[in-house]
Amino acid sequence: MKALLIFGLFSASASLGAYAPQQAGSAPLEPALEARVQKLGKELRCPTCQGMSIADSPASVARAQLDKIRGLVSDGKTDDEVRAYFVARYGEWILLSPRAAGVNWLVWLGPALLLIIGFAVIVRQIQRHPLERKSASPASGSDEAVEREVRSSAGTDDEYLKLVRSELKR
Amino acid sequence: MKWKVIVALAVSLAGAASLVFVLYKGFGQDPHKVPFMLLDQPAPTFTLKTLGTGEVVSLAELRGTPVVLNFWATWCAPCRMEHPTLDWAFRQYGNQVKFLGAVFEDTEENARAYIARAGSPYPQLIDPRSQMAVDYGVAGVPETYFIDAAGVIRDKVAFPMDRATFAAHIKALLGPRASAELGK
Amino acid sequence: MNSILGYSAVLGALACAIFGAVVGIGSGMARRESALPWVRRAAIGFFAFMLLANLVMVYALLSHDFSVQYVAHVGSRATPTVYTVVSLWSALEGSILFWGIILGTYVLAFALSQKDEHARYLSLALGAMLGVGVFFAFLIAGPANPFGKVSPVPPDGPGPNPLLQNHILMVIHPPMLYLGYVGMTVPFGISVAALLRGELGEAWTTTLRRWTLIPWALLTVGIILGAWWAYAVLGWGGYWAWDPVENASFLPWLTATAFIHSTMVHERRKVLKLWTLSLVLGTFLLTILGTFMTRSGVFNSVHSFTQSDIGPTFLVFIGLLLIFSIALLATRGQLLVPEGAIRSPLSRETAILVNNLLFVGITFTVLLGTLFPLVTEAVRGVRVSVGEPYFNKMAVPGGVVVLFLMGVGPVLPWGSGSPRVLRQQLIVPVVVGLGVIGLCLAFGLRGALPILTFGLAGFVTAITLRELLLPAKVRILEHREAPWTALVRSASKSRRRFGGYVVHLGIVLIFVAVAASSSFVTHTSGTVGLGQSIQIGDNSLKFVGFQNGAEPHRRWQAANLEVTSNGGSPRLMAPRMNFFERSTDPIGTPAVRSTPTGDLYVSLLAFSEEEKTATFNLWIFPMVGWIWWSIPILVLGALIAIWPGRRPKVALSAAVSGVATANLAKVKRGAA
């Protein structure tokens, strides 16, 4: 019900033809500090947008927040303190990259774990069938014939050259 | 090597089950909701000028009185809809609670023009570049913060309220003794 | 009238789908091929009814029939005609209806393209595909019904989402993506048929390959078009935000690409059967999961719609599919026993196996990252965000390793390779790669990851070009053919191989363009008054004035800039802000000037008409245009690979008698 009310009001607002004024942000700081501001802006999420960072977002709220970052950085706060400031007000949700603590380790280490286990399985699989010195299996299809002739043209497998050329005559 | 098959089967079924479970838990949650972090935290202080008279209002000086702080903007239609409710609430509770409005992401001219037309019985604060709003964790408008006499944020409402809802929140802010005095 | 007609058509489609699924799977399992014509008819009926339903909806949209629920939801008299048609897929219910017709088209195309020699599998395959059709027809008839009646009939509607009306790409991107996405139902049906049937013949594997390549190619184009749209329309200067819905389209692409490679090993060595089939089933599952992510409202995304009844229905379907797929693979274990073995670490089979693992790893990473906010909410009650910084850190290194494999894989031979030969083959490409790295460093470029990417790109390009051109060179030397004839003949003799390597070239191009456009960006922003200039790189941009306009559905304000680059003649760029009736925030359209070396990208942030100032965000993105220009290369490669040949594509051993070969060739020629 509440949601319906809000939806109704928001559509009504749109029809009144009012737009958030597009105000420019505060002036950039000197290069070294401004680089820090932009970097932090990329790490924090704009709360009214869908997954965009404060630095990327065109929303006026995002510009206000970038101004706040500028203010904090020029006050001498460290990167961690700036992040803590925003987390204290908006929640962990505002960080675009989850902090490596507790359950979050799953998302940082999970993929690596999968790859390591996978590699181990593959290595074991191949080791179980040790390399045999026999030559590769006979030609089976035009693709492999072409392969072989490419290799032979590199000048090393002369014994296959005749086979390849006779196949090419097809 | 049957055990390999069993392990693989168990792992895949466990994976599938956890996937479905996680997705299922996602229902009913609003992915756009912003968490209310400042609950029971001291309200961030500010010292800002008001629109009409230019007088300076400082939150620290208001210690001892509960404060209702409403963020709004001229381009926000729900805020405009809420305006009469806020006026009414001021008339009802203005002697016990300090009402403050703060303009969010808007220009002074817009706000002045709107107040000139619609009027406002309580002070409207000018928040340059919405820095005070960011300090409060505001993510959109309208948002109303209920701060008790000790300067601690007790409640936040992030949607436009009607009279009954407003009254309920103010009564909760004032505490049981005060609301008994207020009556209905 | 439209509502009734449309809804009846949907019910008709549902009936045909149920009939086809039941008869198809039933008769297929019972090994009775006589029912096949009925299953075919069911497929035709499903297609016909879905087509009717879609046509009725388009007619209702065009005639502004606001008594139909969906039209009342997205229609508007002010919308231009093109976008009115596009609004068929602009919102939830219409997009599911659109899904239905695309599914119907694919199933029909497949049914008509297969001749009766595959009758054994065809009933099962069509039955499985129509089974999926049952789900979607049920969705359209039930939770996602666009044909509901609205009364009283409103005079006008809100129009489609303003973002969708900003650019013509919006017309092509969703259909392309759908053609890719929905198309994955066909390989799913084919592999389910093989598994249910208990046989995985070679001819059927060929069919599986071809019918995966077709949607794969379309999905690739769809994803790149989506990135282009994000770049050209949204104005934040990026083309990929790792948004949940972008990831949803990327995941099945990853597993489908892994499948395309894994199937080569399956074909030649009869190993990796479990991998290959799991990848196909996984691809389809990921498309359904992806649709769930887009439509359930559970995810916070640019594309997301509000929560509706669709979500739970999809979740049930996903659950059923998961159980079904796992059970199928588990009970058909004897079908998946490898008939050979991978014997050497220095073989192409190993490279592809490692490639499989890598792709699955990247898929897992992206999936985990996208789902993780839900995981933490379920476990801790706190939602976290997993955005660009995470994905860039985790997925990009994997991509670089894939690039490396793209070079090493083609060099490794099938079977076992001798290290000596290998070393000789690698000399030239490694020299080229190192040369590229040297050039980059000489030009003053810095940054380990991009320079490594460029070096690997040189390495891979050298190898790929050699694989493409050497057969032609042999033909020129031996047969004295003209160069172009030699190239064409060598391509037509091994279409899949040639097409595959052309696609590799396209992918290398994308890697290079992505590395260049994300690592060597120049950015500046500032506010300028009338007549003032702002510099970036070699460009000087002078703000010369405002311009505005009004169209029926929006009005816009542009800031005109005179751009002089390198002292050339001035050109006009006009980034703008569009104000739509239904939105309080304007949506910007950036002005982009593309050259082969890079793009100058200007976006209007803010303006003040009284003070005559405008604030701009400016970027120079090196080589970004090459991402979109890879599309023709990828399409060309895919077409070459998909194109059916006169000769049997199937690998026949020398033991097959000449008669059988001749007969098969006759049949293929007849079918071609």
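Predicted model: local features only at pLDDT ≥ 70, side-chain atom pairs only at ≥ 80, totals over all residues.
User: What is the radius of gyration of chain B, and what would a compact globule have?
Analyst: The C-alpha atoms of chain B occupy a box of roughly 85 × 40 × 30 Å along the principal axes. For a compact globule of 184 residues, the radius of gyration would be near 16 Å. Chain B, by contrast, has 23 Å.

User: Which pattern do the helices and strands of chain B follow?
Analyst: Chain B has seven strands and six helices. Going along the sequence, their order reads α-β-β-β-α-β-α-β-α-β-β-α-α.

User: What share of the residues of chain B is buried?
Analyst: Here a residue counts as buried when its relative accessible area is under 20%. As for the surface, chain B exposes about 8,800 Å², with 59% of that area supplied by carbon and sulfur atoms. Among the 184 residues of chain B, the buried share is 51%.

User: And what part of the contacts in chain B joins residues 24 or more positions apart?
Analyst: The count takes in contacts with a separation of 6 or more. Of these, the part from residues 24 or more positions apart is 70%.

User: Turning to chain C, how far apart are the C-alpha centres of domain 1 and domain 2?
Analyst: The domain assignment places domain 1 of chain C at 1-161 and domain 2 at 418-520 + 630-654, with domain 3 at 522-626. Between the C-alpha centres of domain 1 and domain 2, the distance is 42 Å.

Terms used:
Residues numbered from 1 in each chain as written. Chains lettered and ligands numbered in written order. Heavy atoms only, no water. Domains from an automatic or database assignment. Helix = DSSP H or I, 4+ residues; strand = E, 2+ residues; numbered from the N terminus. Rg over C-alpha atoms; globule rule 2.2 N^0.38 Å. Buried < 20%, exposed > 50% of the residue type's maximum accessible area, 1.4 Å probe, protein only. Contact = heavy atoms within 4.5 Å. Areas by Shrake-Rupley, 256 points an atom, 1.4 Å probe, with all protein chains shown as cover.
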